[in-house]
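Have the structure open while reading.

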Amino acid sequence: MLVCLIIGLNGALFQSFAQEFVFPDSLNLEVPNDTVLTDTIVRPAIPDPSGSGLDAEVKYEAKDSTIFDVVNQKVYMYGEGLVVYKDITLKADYIELDLSNKTVFAKGMPDSVGVIQGKPEFNEGKETFESNRLTYNFESKKGIIEGIVSEQEGGYLHSGLTKKMADGTINISQGKYTTCDAPNPHFYMALTKAKVIPDDKIVSGPAYMVVEDIPLPLIIPFGFFPNQKTKASGILIPEWGEEKNRGFYLRNGGYYFALSDYFDLALTGDLYSNGTWGISARSSYKVRYKFGGSVGLRYYNNKSGDLDIGNYVRSTDYAINWSHSQDAKSSPSSTFSAQVNMSSSSFDQNQSYNEDNYLTTTKQSSISYSKRWAGSPFNFSGSMNQSQNSQNQTVSLSLPKLAFNMNRIYPFRKLSKTPGTSKWYQNIELSYRSNLENKINTYDSILFTSAVFDDMDPGFKHEIPLTANFRPLKNFSIAPRIQYSGVLYNKSIRKNWEEDYVDPETGLVDPRVIIDTISGIQYAHSFLPAISATYNPKIFGMYQFKNPDAKIVAIRHLMTPTFSLSYVPDMRGIAPNYYDTVQVDTSGRTQVYSYFENRIYGTPSFNGRSGSVNFTLNNNVEMKVRTDSDSTSDFKKIKLLENLQFSTNYNIFADSLNLAPLNFSGYTTVYNGKFKFNFNGSFDPYALSESGRKINTFEYNQTGQLARLTRLSFGLDFTLKSKQKKSDSSTPSSQGRDLMSSPDMPDEVRPQQDNLRVPESMYPGYVDFSVPWSLSIRYNFNYSKPGFVSKVTQTLNFNGNISLTPKWKLSVTSGWDFVMKSISYTSLNIHRDLHCWEMRLSVVPFGRRQSYTFGINAKASILKDLKYEKQQNWRDF
């Protein structure tokens, strides 16, 4: 029932109006003259002729019943009562509305078993809270609240007695502040008195910590808790501690700038008592529906050792991180992204406490942009790439790498005037490819110096291929092609043999090839016709088992050979020549070289004609087996060998060493992907001279062997994990004890004794194997023997984790070092979820990074400093 009244009518007018408009009860019950019983009929709002009282309607309703006390000008609402006034909404199972005093009182009501239901829920604007009892004055906007629970920007405020003021501030007595969302919080700061200023802060008087209802001797004279919905600038309190080598420290202290809604800035610093210091700047930015990302810069001035002893060392470290992503809907035709992770080679060793950073020796960075034009075949892409190896301190850069391409088009297809017909010339394809790149290979120690310009290798290349494809037979195709290629470089080389060259170091005559570099922009191009033919049939082999009861039904072998022939005619005399001949030793032996040797895109033309025969063979082996079902027509396929490939080629016009090495590779997975096996290698058919150089003599003619095994690698990857647990009411729940003793269970329903779990002894032989766990083992073997000396490297790594309960998790990572013949880097991690808290223990028991870290902390970011940590890192041992 909904009744609308204007509060503020004088008593006489209200009483006379109520007596005149008394509606009879649907059951014809007798009621006192001064009481109005209402049914579910909706009554119109009563106007306020006096103009006094509140300035808006008060709407109210109740599901059970609403009683009017005309004499005292009160309305009583029972069962899901609701009062609405302006932006104020009040819900409760019992509401008493006093029209004369313009106040409202609300509380919950006990149900059939005595549990209080329908406690008052008060909402005013963005403020919402629940309480046990509430009294509120609509005119003064003040209220007295008992047992309030309100959410305050990531935290929860419990109050025994609360007074709400007209300006929205709240005065609290006997309060609790916590980030735990349980009805009975597992921890809180007990506040003797406090004041809440909405959207600003919470200030308290003396307070102390309580954990599991046990007061701790952690007392503070006053408390300050941020309560802002927007970002705010402020001081970042540093963490402190001690390291064995660098001494006492203050880390990550500084200032946070909330510059705007779109970006922020944090400036922090580290300071050690031995003189080492570091600074860092971090910024996050985001424009909704456009883009977002973060930037980080770190710099350290390191000092170690002692001047008096003579082992004093001073060095610097830096790190640059940038992550940027674009919203896919902001610009569908173009994308921009960045993932930058670069640092000095010693940064992770000196400054990082992350085991993944310590174990990683290579870093990759990329900044890329791409653009495509709708309705056209053109597209553009540009990027800047960086690869860094911290072991040898090398850095490879592409600054920049640009590409502008035109996808293939069929220029002659529009010439056909007869629908449904296809001419041979309509399959002619035209495309365009262009690339510009500046490659730099240098060392990180000189990366930001002028010396890096000497290592630049820029170049430009573009190609215009015109290709046709014909299929005169099934699985056989012929593709003639005409291609124009051009390259642009800033330098070329010339080689000369100097018989009288004097070594400047020894002063002796040492004949050798001298390489002269000719600087200047140089463009080289070629126009090459070519033709290729490809034949790729499919060959099937099947072996079927005749026994109808056999588990294996058949084995199928699929072979896919590919034969291809390519030929490029000799264009010397027609196209420009970019090759020359130089003497290479005192015997007079000569060698052909290119003016653009070792340049980024090579030489656009060939020195003479070119032709090759290529061969590739792919194999796939599958087995068909019967399933365990009763049906005789139920089968499944098992892949025995997913792929086995052999490949080689023969250079028709080479003067020696025509046959290329035979490469092979393969992989397969068994047991539903749990076991993975891959391998690859190479056989070289040519023999070696006494000096270890490959000669134009087959290995078979020299040793009787078909070929030399020059490379072999294989890897095993074995992964096991538990099956997903399925609920089964017929077995005892292994979660019985954990559920009843869970800290998340309210006290009113928590059993006093653990007598609700069925003893496992009632189920003989029952073992719970459904505990979540996983185990991964990886082994890699590499063998290489390009000459007379072979090299073998092996790696073995494994990692696993197990969740003993839903809140306990144990993980371990380790391996075996075959060179040192010892266990490699090992870490053990234990995590315990404590609902609103968490505990972590990380141990590296041995090795260079021997360390341990123990910590227990509140999960909420607002209380990130509420923690206990104990650690000893590798620098302290």
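## Backbone geometry

Q73 is buried, because its relative accessible area is 12%, under the 20% cut-off. The model is predicted. Q73 sits in the loop between β5 (65-69) and β6 (74-85). Its phi is near 55 degrees, a positive value in a residue other than glycine.

E212 also carries a positive phi, near 50 degrees. This residue lies in the loop between β19 (207-211) and β20. E212 is partly exposed, at 47% relative accessible area. Most residues other than glycine have a negative phi, and most peptide bonds are trans. The peptide bond between L399 and P400 is cis, with omega about -5 degrees. P400 belongs to strand β32 (residues 394-409).

## Surface patch

A nonpolar patch on the surface is formed by W240, L250, L271, W277, I279 and Y299. Together they have about 660 Å² of accessible area. L250 is placed in strand β24. With 42% relative accessibility, L250 counts as partly exposed.

## Largest pocket

The largest pocket has a volume of about 2200 Å³. Its lining holds 49 residues. Nearest the centre are I237, S861, I862, K864 and D865. Elements giving two or more residues to this lining are β20 (214-220), β21 (223-226), β22 (234-236), β23 (239-243), β24 (247-257) and β56 (867-872).

Which element gives the largest share of the lining? That is β56, with 5 residues. By class, the lining has 22 nonpolar, 13 polar and 14 charged residues.

Conventions: Residues are numbered from 1 along each chain as its sequence is written. This is a predicted model: local features need pLDDT of at least 70, side-chain atom pairs count only at pLDDT 80 or more; totals for chains, interfaces and linings use all residues. Side-chain values use heavy atoms; hydrogens and water are left out. On a 1 Å grid over the protein atoms alone, a cavity is a set of points where a 1.4 Å probe fits but cannot get out, and a pocket is an open set with protein on both sides within 12 Å along at least five of seven lines; lining residues have an atom within 4 Å of a point. Grid points are joined across faces, edges and corners, and a volume is the space filled by probe spheres set on the points. Helices (H or I, at least four residues) and strands (E, at least two) are DSSP runs, numbered from the N terminus. Ala, Val, Leu, Ile, Met, Phe, Trp, Tyr, Cys and Pro count as nonpolar, Asp, Glu, Lys and Arg as charged, and the others, Gly among them, as polar. Patches are made of residues with over 30% relative accessible area and no salt bridge: like charges are joined within 9 Å, nonpolar side chains (Val, Leu, Ile, Met, Phe, Trp, Tyr) within 5 Å. Accessible areas come from the Shrake-Rupley method with a 1.4 Å probe; for residues, only the protein chains shown count as cover. A salt bridge is a side-chain nitrogen of Lys or Arg within 4 Å of a carboxyl oxygen of Asp or Glu. Buried means under 20% relative accessible area, exposed over 50%, partly exposed in between (1.4 Å probe, protein chains only).
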